[in-house]
Amino acid sequence: MGKVIVVTSGKGGVGKTTSTAALGAALARTGQNVVVVDFDVGLRNLDLVMGAERRVVFDLINVVQGVAKLPQALIRDKRLETLYLLPASQTRDKDALTEEGIAQVIGDLRSRFDWVICDSPAGIERGATLAMRFADEAIIVANPEVSSVRDSDRIIGLLDSKTVKAERGERMAKHLLIARFDPARAARGEMLSVEDVLEILSIPLLGVIPESEEVLRASNLGAPITICGQQSAPAHAYMDAARRLAGEEIEMMIPTEKKGLLTKLFGRRAA
Amino acid sequence: MVEVTELSATRQRGAMPLRGRSYMAFALTPAPPIADWLGELDAWLRGASGFFAGRPVVLDLSAVTLTSSAIAHLISELGTRGIRIMGLEGVAAEKLGPALPPLVSGGRAAPVEAFSSRQPASPPPARDREPTSLLVDTPVRSGQSIFFPDGDVTVLGSVGSGAEVVAGGSIHIYGTLRGRAMAGTSGRRSARIFCTRLEAELLAIDGYYRTAEDLDAKLLSKPIQAWLAGETLNISEID
């Protein structure tokens with residue numbers, strides 16, 4: 001049975017979709033079967049980031065409503081044969097999702113794949129709560145900004161109350177992925193430091209992804225950074241994060257400025 | 001279960017400050033036919049006699065159409081079952097004579113568990129006292145609200161920005177307070193607020209409050225206590 005992971009944040013634009021694609025590809029590169037699921041019905045993006053937008057025939061809503069069978073809607077990645085995408089519908093809205101339907105689809109995916117990675121829409125409404133509803137674990141993507149961190153705190157509260165796991169009285173494992181981390185700005189105190197974010201959210205750190213133009217370039221090329229920019233710093237950070245997710249113990253690397261401002265970076269408070 | 005919020009107002013003439021308060025009340029919603037509904041209520045009360053004793057109850061009449069005298073009759077019927085009605089909801093104001101409870105509005109749904117767990121349905125053995133404190137051993141996350149009108153609240157962990165802790169008694173936070181803490185809400189002026197690190201958005205005791213803007217910058221990130229002296233909310237560092 002595979003593991004169902006929701007990638008969520010509350011706030012939009014922090015890097016959920018990019019991280020879903022990058023982690024999915026990183027896990028698939030180890031030979032495991034991975035499906036990335038776009039829950040952002042009505043505002044889908046994951047197909048673009050995965051470079052599969054021209055191959056979408058059926059989508060999540062079609063499967064939920066029984067119009068299409070699951071294998072018909074799954075799109076296999078052209079570069080990694082163990083990586084699949086289940087796209088969202090762009091023409092429908094989140095009201096078309098039903099809890100029973102999602103439960104069915106997630107259960108089906110869980111039996112077919114080692115990893116089911118769900119890309120949650122922003123917000124705390126129906127789409128986001130349904131995306132987290134059946135998850136086993138959660139990745140909270142946050143930027144080192146106060147607004148993003150507070151929204152993440154809100155989402156963690158929902159993960160602990162609105163998910164099936166929480167309602168059964170179990171604890172959902174949560175991982176913090178800090179994205180768009182700019183070491184230079186953090187060193188100048190213009191961003192929250194990694195320590196500040198960890199102190200506020202108090203959940204384990206999965207990885208710190210440095211801000212990089214290569215991430216943007218990869219998204220525009222329609223390829224996860226862990227496929228097309230394997231040697232880049234963010235790709236390394238995502239690969240390490242994926243290995244930690246799979247249970248490996250890897251030393252945490254906090255991105256720093258090239259000049260070695262590590263000492264400046266730590267123990268510093270940002271406004 | 002509804003939360004009844006009343007508006008606050010300050011009378012200009014004379015020195016009579018009026019403060020708004022929010023209270024928790026049970027909402028009973030009779031459904032037609034009333035006789036059957038009362039029968040169901042009786043059946044339920046047999047398993048939980050005394051459940052409503054001394055509790056505030058709002059009667060939501062939106063599901064039924066009753067005349068003024070029928071409402072009075074219904075209230076007296078409930079009275080014989082030990083249910084006292086503090087207010088009415090979902091009925092036209094014209095129907096309410098001076099003899100009937102006042103109309104309330106703006107009620108919001110609230111979880112019934114926290115409220116009802118305070119007092120078991122059957123009278124507790126004499127030795128058991130009602131709990132006067134609440135221990136929260138997880139962080140209070142943004143958007144969450146801890147509401148405990150009966151006594152002190154202790155939080156082991158931080159209270160996030162956008163979260164709130166409301167206590168009838170004192171509030172103790174072993175962690176960073178980034179959200180709101182409101183102590184002494186039931187008029188207990190001796191209530192205090194303690195936290196190991198102050199980053200609060202708002203501190204209040206018995207309605208007297210300070211927002212983050214009014215906090216002394218020297219106290220930020222420090223362990224503090226807050227108490228009420230007269231009409232001043234004092235905050236000082238704890239060594």
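**Burial, helices and salt bridges**

Author: Gladly. Lys218(B) is exposed, with a relative accessible area of 63%.

Reader: What makes Lys218(B) exposed?

Author: The classes are buried for under 20% relative accessible area, exposed for over 50%, and partly exposed in between, with a 1.4 Å probe and protein chains only. Lys218(B) has 63%, so it counts as exposed. Before we go on, this is a predicted model, where local features need pLDDT of at least 70, side-chain atom pairs count only at pLDDT 80 or more, and totals for chains, interfaces and linings use all residues. Side-chain values use heavy atoms, with hydrogens and water left out, residues are numbered from 1 along each chain as its sequence is written, and chains are lettered from A and ligands numbered from 1 in the order in which they are written.

Reader: Why are Lys218(B) and Asp216(B) called a salt bridge?

Author: A salt bridge needs a side-chain nitrogen of Lys or Arg within 4 Å of a carboxyl oxygen of Asp or Glu. The closest N and O atoms of Lys218(B) and Asp216(B) are 3.9 Å apart, so the pair qualifies. Asp216(B) is partly exposed, at 36%.

Reader: How do you know that Arg112(A) and Asp108(A) are about one helical turn apart?

Author: They are four residues apart in helix H5 (residues 99-112) of chain A, which is about one helical turn. An α-helix has 3.6 residues a turn, so residues three or four places apart point the same way. The two side chains meet in a salt bridge, at 3.2 Å from N to O. Arg112(A) is partly exposed at 40%, and Asp108(A) is also partly exposed, at 27%.

Reader: Which parts does the salt bridge of Arg133(A) and Glu167(A) tie together?

Author: In this salt bridge the closest N and O atoms are 3.0 Å apart. Arg133(A) lies in helix H6 (residues 126-133) of chain A and Glu167(A) in helix H8 (residues 164-167) of chain A, so the pair ties together parts that are 34 residues apart in sequence. Arg133(A) has a relative accessible area of 13%, so it is buried.

Reader: Why is H1(A) called largely enclosed?

Author: Of its 14 residues, 13 are buried, so the rest of the structure largely encloses it. H1 (residues 16-29) of chain A reaches 20 Å from its first C-alpha to its last, close to the 20 Å expected at 1.5 Å a residue; that expectation is 1.5 Å times one less than the number of residues. Just after H1(A), Gly31(A) takes a positive phi of about 95°.

Reader: How do you know that chain B and chain A are in contact?

Author: Contact means heavy atoms within 4.5 Å, and 14 residues of chain B are in contact with eleven residues of chain A. The two chains bury about 960 Å² between them, 36% of it on carbon and sulfur atoms; buried area is the accessible area (1.4 Å probe) that two parts lose on being put together, summed over both. Arg141(B), Ser142(B) and Arg178(B) supply 56% of the area that chain B buries against chain A, more than any other three residues.

Reader: How many salt bridges cross that interface?

Author: The rule finds four across the interface. Asp153(A) and Arg141(B) form a salt bridge, with their closest N and O atoms 2.9 Å apart. There is also a network of salt bridges linking Glu199(A), Arg178(B), Arg197(B) and Glu199(B).

Note on methods: Helices (H or I, at least four residues) and strands (E, at least two) are DSSP runs, numbered from the N terminus.
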